[in-house]
Protein chains: 2
Amino acid sequence: MPAPIVSRRDIEFFLYEMFDIESLTTRERYQDHDRESFDAAIDIAQAIAEKYYLPIQSKVDRNEPTFDGNKVHIIPEIKAGLDAVIAAGLTAPTTDYEMGGMQLPQIAASGAFAYLSAAASTSLGYLSLTHANCNLIEAYGSPEQIEKWVTPQREGRFFGTMAMTEPGAGSGLGDLTTFATKEEDGTYRVKGNKIWISGGDHDLSENIVHLVLARVKGAARGVKGISLFIVPKFLVNNDGTVGQRNEVALAGLFHKMGGRGHTSTALSFGEQDGAVAYLVGEENKGLMYMFHMMNEARILVGTGAALTALTGFQYSLDYAKGRPQGRLLSSKDPLAPPVNIIEHPDVRRMLLTQKAYSEGAYALCLYGHQLADDEKTAPTESEKKHASTILNFLTPIIKSWPSEWGPKSNDLAIQVLGGHGYVNEHPVEMFYRDNRLNPIHEGTTGIQSLDLLCRKVPMNDFKGYQAFLTEMYDTVDSAQSHEKLQLYAQQLKDTLDNLKAVTTAVLDASKTQNIDMVFSNSVSYLNMFGHITIAWLWLRQAEVASKALDKTPHSDDEKFYNGKIQAMKYFFNSELPLTYHWGNLVKNIDSASFDTHPDWL
Amino acid sequence: MPAPIVSRRDIEFFLYEMFDIESLTTRERYQDHDRESFDAAIDIAQAIAEKYYLPIQSKVDRNEPTFDGNKVHIIPEIKAGLDAVIAAGLTAPTTDYEMGGMQLPQIAASGAFAYLSAAASTSLGYLSLTHANCNLIEAYGSPEQIEKWVTPQREGRFFGTMAMTEPGAGSGLGDLTTFATKEEDGTYRVKGNKIWISGGDHDLSENIVHLVLARVKGAARGVKGISLFIVPKFLVNNDGTVGQRNEVALAGLFHKMGGRGHTSTALSFGEQDGAVAYLVGEENKGLMYMFHMMNEARILVGTGAALTALTGFQYSLDYAKGRPQGRLLSSKDPLAPPVNIIEHPDVRRMLLTQKAYSEGAYALCLYGHQLADDEKTAPTESEKKHASTILNFLTPIIKSWPSEWGPKSNDLAIQVLGGHGYVNEHPVEMFYRDNRLNPIHEGTTGIQSLDLLCRKVPMNDFKGYQAFLTEMYDTVDSAQSHEKLQLYAQQLKDTLDNLKAVTTAVLDASKTQNIDMVFSNSVSYLNMFGHITIAWLWLRQAEVASKALDKTPHSDDEKFYNGKIQAMKYFFNSELPLTYHWGNLVKNIDSASFDTHPDWL
């Protein structure tokens, strides 16, 4: 029997016990749902993942897309998998019924998608980008644009992308040089080159809807002069049928270390007369609109990183339970039969670390999805605002923590398998390669750390920062009432107090000293904040588990709950103390990197 | 101009300033050498690396060896590169003149090989295993065996392997089932299966000399009944010509994530009558002999890991100096031209971290090579013994620290390049894949950590441990005399004192408590000891640099020396404090992993 893609018991723990998603069914939008319908969505996703994706995992990895100079070739199994997801109505499970969606809470959809994302890893990127593309057009496009571009995407006939990065600019979006000129009919013509466009060309759908950042001729330089355009691969006739080819050409494919289910392309727009383009919203507001999609994409990146870590954990756990090798140090009899490697304490350490990282990361992402639900459907406006404030604050952490620590989890999955982990007879080396993209795309870890420390923390007079800290302190209070958790609640409180001191110190320093120096340890700040956030989520998990054990100490789930408490202990003992070290670097404005002259390296 | 493979200035710093290899020329064995001859060896190695290896790096990676069911296919460029190394006499540069060698000190040879190993990464494995194979036979084989098997290997006509691991046993060598039966003529017949045999089959040489661990029929079970045999691919006639095929068959190739320059094979010995085999030394002493080769291989693994880190550092440094993107936080003018990314403090942090890891790791390996030289050629017996004791003690750290932290360095090289680092237009993603094998082969990090804590530390009444600590305390004393280094000398002293306290605590606990629990944090102990060792080597580097700066403050090398001092500061501020955290886990016998029942995971 193959290793489970993810642990169903764990997903149920998160959805029904920790985040109590059944309580969402009291909200009007979700009133037709109940645990049965949530479970049904998970069942369908699991079935598709097991039937279409798990069997082709290795084939997808070994057959990256190719470009013959004319078109892209993708193995047909990818289309079969995507078609199965589309046929099951899972393309946009959170969308309104009237748009063909299931109107599921985002957190429930994410639980179901866990199976698909973990098994299909990057090849589902075609659909998630399409979904995010639709959400942006729905938010900022005209009714005609929604009708023309969103509807066929929701139906799975068109796929969508986002096209931001340019060869000469990279993360420096203000330097982009793609430009647009307005035509008399109100449309635009776009010319320029874009790179790293995921899903930028393929034959998997009838059409591709690119959302392209460009500068209207004469607009301001820098980020304030950027506008957003819909630029389709094929023009669409007024009756909705696909018309002639637009000037969007594939310039080449990137050959990635992993994530080979999803093409990464260089695109050339408007090599002759300019590609026909339709302005979204108003001119010069493009970057603000794009952030809508980017924020969504950032949470998806974090979720994908967490799931790749989770599936690697399950695989290595399954392997460790069935692979006999060696004997315990305490074994007196060298002739006794070998034990399964899970009996070796160091192997258990590597598994427990993976559990702590991957389930901690996934808890963080589900919390983000819960906030996204509350932002839209919480009973009161102030609750909506509260959720929105925290989600906005937390986005750099939701993006980065799973992306940084998920690959470390996958690294340990390889190590558990030893030599077998390094070769392609097992998928753990692929997970390791796949997950390595996540600290890079949608804003590198360095960029996220500056976003957190320089923007999100002080934003709106520290509103998001304060609101989130209050949430964590509330858990400290409630955990104090469980005798077995008191010690850990106190530890979390101490690190939170230290976080506040560090935050004050660094922001105070920024008022008087060179900010390039003061903020040069921003990644340490992100590490510190991220680890405290994950510790908080582990304490919450341990609270739920402790309560369940108090209620029925000898249930079938006793082992499961013990595992949750044990992973919490691991995280508090082995990981949380690191936050003091990172905090010292930030607080003391350690300037080792800043002081290093480029010529000294 | 391509990025430098490694920094020539840095290699010269290590060889001539820090380890003062010119002083070795007073020893009889090296009396014909001088700086000129050392430099000449480096020049040759650099020239071959640049001509034969750098241009094919990516081709080797993209064309892993294939097996058509009959034979292995390897791209011809690999043989061309190996032939160039053989033709230059670099196959065994440390070997006696009369064996065709250059009689170079091992540390000098290692400096020269830096270029080759870094550029060719794993494809030089064919030669280094051959060299280690010869060294073993020279140490324990008969004169006839040396004549028959070593001479053609030294000439580059035959290549050698070591064949230990079996599918059912993995790292548990005591469980191996390959067996040997003695024939009337004194030869043996071997039957069994081996896996992970690097260079196990190919057409690169006339013959392949396998050193195979097997159990003579009737021998004791466990590690005490293991013998070592020479089992050639082709039998060799009495006149030295290659004769008929022996019963050694290629069962398959492993498809590795990286390191594709070197085949990894499954071999089947003696499928019919048994493979003809020649006993090395005495029966049942095989594992002891094999450790000779393994210890050498472990130091080579560490060195390879350090060099892959070094070359990734150089590549990303070169990229960062020439890639404009974004502006500094302090930049008031959004329309100013973008700066090269090395100007961003977080990019400098990633470069400085790489410098600290990779040059620290390489210093450790060169120290190991220096000890190996002293073990053989130090002026007095007691100096030889002293070097041997420390080398034996340090082997698990020399093997593991570069293997664990080298890949982390390569990870940062990818991050410096961003999306460009994740695709195969640049080699950094290959370095990352290549280096991931090193924490696994020749004994995993977990195994090394137990070797260090349970064997090497208490061995011979703590002789190696004490001797090495004394070396480090001596540096503390000498560094105290440099005013600018006093602070760091004190920090090193404090961590050394803590290391002693932790060591005493854990070994005391092992006398009364369950040793599986007491030693369950052995990897934290290895991390702690390793980081302190690297800090010591950085303090030594900073000492050399400080002295040089004191002597000629405004020399051409000022920047270089400042870089050394800065990397030392980075390591002491950002890395060394972690040893307290690891030490606490060990000292407090943190039992989170040990207590985790397998069913809880």
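Me: Which residues is H581(B) in contact with, leaving aside its neighbours within four places in sequence?
Reply: H581(B) is in contact with N573(A), S574(A), P577(A) and L578(A), once its neighbours within four places in sequence are left aside, where contact means heavy atoms within 4.5 Å. Bear in mind that this is a predicted model, in which local features need pLDDT of at least 70 and side-chain atom pairs count only at pLDDT 80 or more, while totals for chains, interfaces and linings use all residues. Residues are numbered from 1 along each chain as its sequence is written, chains are lettered from A and ligands numbered from 1 in the order in which they are written, and side-chain values use heavy atoms, with hydrogens and water left out.

Me: Where is H581(B) found, and is H581(B) buried or exposed?
Reply: H581(B) is found in helix α18 of chain B, residues 578–587; helices (H or I, at least four residues) and strands (E, at least two) are DSSP runs, numbered from the N terminus. H581(B) has a relative accessible area of 11%, so it is buried, a word that stands for under 20% relative accessible area, with exposed being over 50% and partly exposed in between (1.4 Å probe, protein chains only).

Me: OK, the interface. How many residues does the contact take from chain A and from chain B?
Reply: The contact takes 88 residues from chain A and 88 residues from chain B. The two chains bury about 7800 Å² between them, 60% of it on carbon and sulfur atoms, buried area being the accessible area (1.4 Å probe) that two parts lose on being put together, summed over both. In chain A, Y422(A), W600(A) and L601(A) lose the most area to chain B, and together they make up 12% of what that side buries.

Me: And how many salt bridges are there between chain A and chain B?
Reply: The count is six, with a salt bridge taken as a side-chain nitrogen of Lys or Arg within 4 Å of a carboxyl oxygen of Asp or Glu. The side chains of D175(B) and R327(A) meet in a salt bridge at 2.5 Å, N to O.

Me: R327(A) sits in my view beside a histidine. What does H344(A) touch, not counting residues up to four places away in sequence?
Reply: H344(A) touches Q325(A), G326(A), R327(A), L328(A) and V339(A) on that basis. H344(A) lies in the loop between α8 (286–322) and α9 (345–377) of chain A, and Q325(A) has its place in the loop between α8 and α9 as well. The backbone oxygen of Q325(A) lies 2.8 Å from a polar atom of the side chain of H344(A).

Me: Why do H344(A) and Q325(A) count as buried?
Reply: H344(A) counts as buried because its relative accessibility is 17%, and Q325(A) because its relative accessible area is 16%.

Me: Switching to chain B: which residues of helix α7 are buried?
Reply: In α7 of chain B (residues 143–154), the buried residues are Q145(B), I146(B), W149(B), V150(B), P152(B), Q153(B) and R154(B). They pack against several elements of chain B, including α6 (125–140), β3 (158–163) and β12 (275–279). After α7(B) comes G156(B), whose phi is positive, near 85 degrees.

Me: Last one: over residues 284–450 of chain A, how much is helix and how much strand?
Reply: That stretch is 72% helix and 0% strand, with its end C-alpha atoms 24 Å apart.

Note on methods. A polar contact is a pair of N or O atoms within 3.5 Å; within protein, one must be able to donate a hydrogen and the other to accept it, and residues adjacent in sequence count only if both atoms are side-chain atoms.
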